[in-house]
Amino acid sequence: MKTRYILMTLLFAFCAISYGQVQKGDVLIKNGTVITITNGTQENTDVLVRDGKIQRIGKNLRTPRGVTEVDATGKFVMPGIIDAHSHIAGSAINEGTSQVTSEVSMEDVVNPLDVSIYRALAGGVTSIHLMHGSANVIGGQNETMKLRYGSTNPDDLRFEGAPRTIKFALGENPTRGGRSRGIQPQSRMGVENMLRNSFTEAVAYKKRWDAYNANKSARKVAPEYDLRMQTLVDIMNGDVLVHCHSYRADEIYMLMKVFSDFNIPKLTFQHANEAYKVAPELATFGASASVFADWWAYKLEVYYSTAYNAAILTNNGVVTSINSDSGELIRHLFHEAAKTQKYGDLTDNEALALITLNPAKQLGIDSRVGSLETGKDGDIAIFDKHPLSTYAIPLMTFVDGVKYFDKATDKKDQRIYINPESSIEEVMLFHKADMDRCMEDANLVSFESLFQNKK
């Protein structure tokens with residue numbers, strides 16, 4: 001037994017050492033137009049990254065010995081893009097056996113070999129929020145990741161020190177899943193009831209443990225540990241950030257009322273197509289919103305939306321981001337952000353904050369990423385033109401000062417869909433379900449089979 005204990009201790013120590021050996025880089029990016037997000041746009045400016053951290057931002061910086069120099073003359077340098085809602089790099093998406101599965105975590109299904117990671121880097125993306133699916137009212141815990149492509153160790157992609165987050169879902173996805181699996185809830189009112197019941201149970205669970213911990217000397221038997229309930233307690237304590245799949249304004253308002261009743265302070269609504277209808281209420285509560293730029297009407301509950309959603313929320317003081325929820329759109333988030341200038345007249349800085357600083361705030365990692373500042377991580381994207389230009393092309397992407405994408409050395413077999421040497425563009429047709437993973441693994445039966453079973 002003693003030998004086994006020693007071996008296990010050594011194993012954990014080795015894992016900790018390995019985890020701490022994520023590659024960090026040194027690079028000096030020279031003479032670029034540096035878009036800092038927090039300190040304006042600086043022309044002909046250098047950014048020095050040492051050991052993965054931004055050490056200096058200024059003009060005419062000297063290149064330290066052994067540091068790689070990148071000439072960014074005529075180019076634009078910005079913080080790495082952050083996608084607050086992604087399903088790439090996950091080998092499973094939903095635990096669909098129950099409407100409450102807060103005990104499971106996406107950290108157990110990270111696939112570091114997914115080529116979508118590389119393709120995201122090719123779009124200037126440096127961090128993602130790998131989310132559980134939306135088949136459950138209270139789904140599994142998510143994983144915030146840095147796109148350190150090339151490692152075979154899933155732990156190397158984990159964003160060290162990022163707060164825990166969890167996925168909730170409202171509307172058709174959990175109710176449709178409930179009906180197809182014959183479990184509750186199967187209606188929108190049932191969703192609210194399940195939320196209230198779950199947190200009420202968590203309150204009782206916490207009281208049992210508080211009473212035990214207050215009087216351990218009495219040698220009472222400890223309450224049974226329940227990871228599902230403990231996670232809900234952690235949510236109420238503010239230790240786990242909730243990101244909730246949502247569309248309709250009435251349900252968005254409902255969840256804010258539930259969270260107010262249980263004194264839960266932090267909440268981000270994902271998708272939130274009708275959030276513009278309750279923008280002042282969101283701002284008053286302190287809730288955030290991570291939205292699509294112009295997706296709607298792909299099912300009934302998202303019929304009433306507008307491309308002005310992000311701008312209306314921003315102008316009402318709601319911390320807003322634009323996400324992809326797609327392995328393809330993730331490469332074009334800078335284009336998605338630009339749409340808010342046509343639909344809402346946001347400034348350059350406001351538009352770019354939607355895909356940099358604001359998602360960082362929503363994920364609790366803004367002290368590390370989301371802007372170019374001294375002391376922050378060297379997560380940087382370089383574009384040939386202003387990133388809000390229709391014609392902008394990402395040229396290089398750095399994570400912790402390490403270059404993970406360089407268009408000049410891009411391998412042909414990493415490209416998506418098309419043959420780069422083809423004289424005529426190849427067109428591939430695919431079903432939209434191939435791009436939408438939010439209900440993957442939910443084992444939903446088709447409406448046709450439901451109808452046949454009733455015959």
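Predicted model: local features only at pLDDT ≥ 70, side-chain atom pairs only at ≥ 80, totals over all residues.
Local features need pLDDT of at least 70 and side-chain atom pairs count only at pLDDT 80 or more, while totals for chains, interfaces and linings use all residues. Residues are numbered from 1 along each chain as its sequence is written, and side-chain values use heavy atoms, leaving out hydrogens and water.

**Exercise 1.** Find how the axes of helix α4 and helix α6 cross, and which residues meet.

*Solution.* Start by locating α4 at residues 188-214 and α6 at residues 249-261; helices are DSSP runs (H or I, at least four residues) and strands likewise (E, at least two), numbered from the N terminus. Their axes come within 11 Å and cross at roughly 15°; axes are lines fitted to C-alpha atoms, for helices over the stretch in contact, with angles from 0 to 180 degrees between N-to-C directions. The two helices are therefore roughly parallel (angles under 35 degrees). Now look for contacts (heavy atoms within 4.5 Å): Arg188, Glu192, Leu195, Arg196 and Phe199 of α4 meet residues of α6 including Glu251, Met254 and Leu255.

**Exercise 2.** Work out the strand order of the open sheet and find its edge strands.

*Solution.* Three strands lie in the order β6-β7-β9, with mixed pairing (two strands pair if DSSP finds at least two bridges between them). The edges are β6 (81-86) and β9 (143-146), each pairing on one side only. From one strand to the next, the twist averages 20°. Finally, follow β7 (residues 125-130): four bridges join this strand to β9, and the two run antiparallel. Across this pair, Leu130 stands opposite Glu143 in β9.

Notes:
Parallel < 35°, antiparallel > 145°, perpendicular 65-115°, else oblique.
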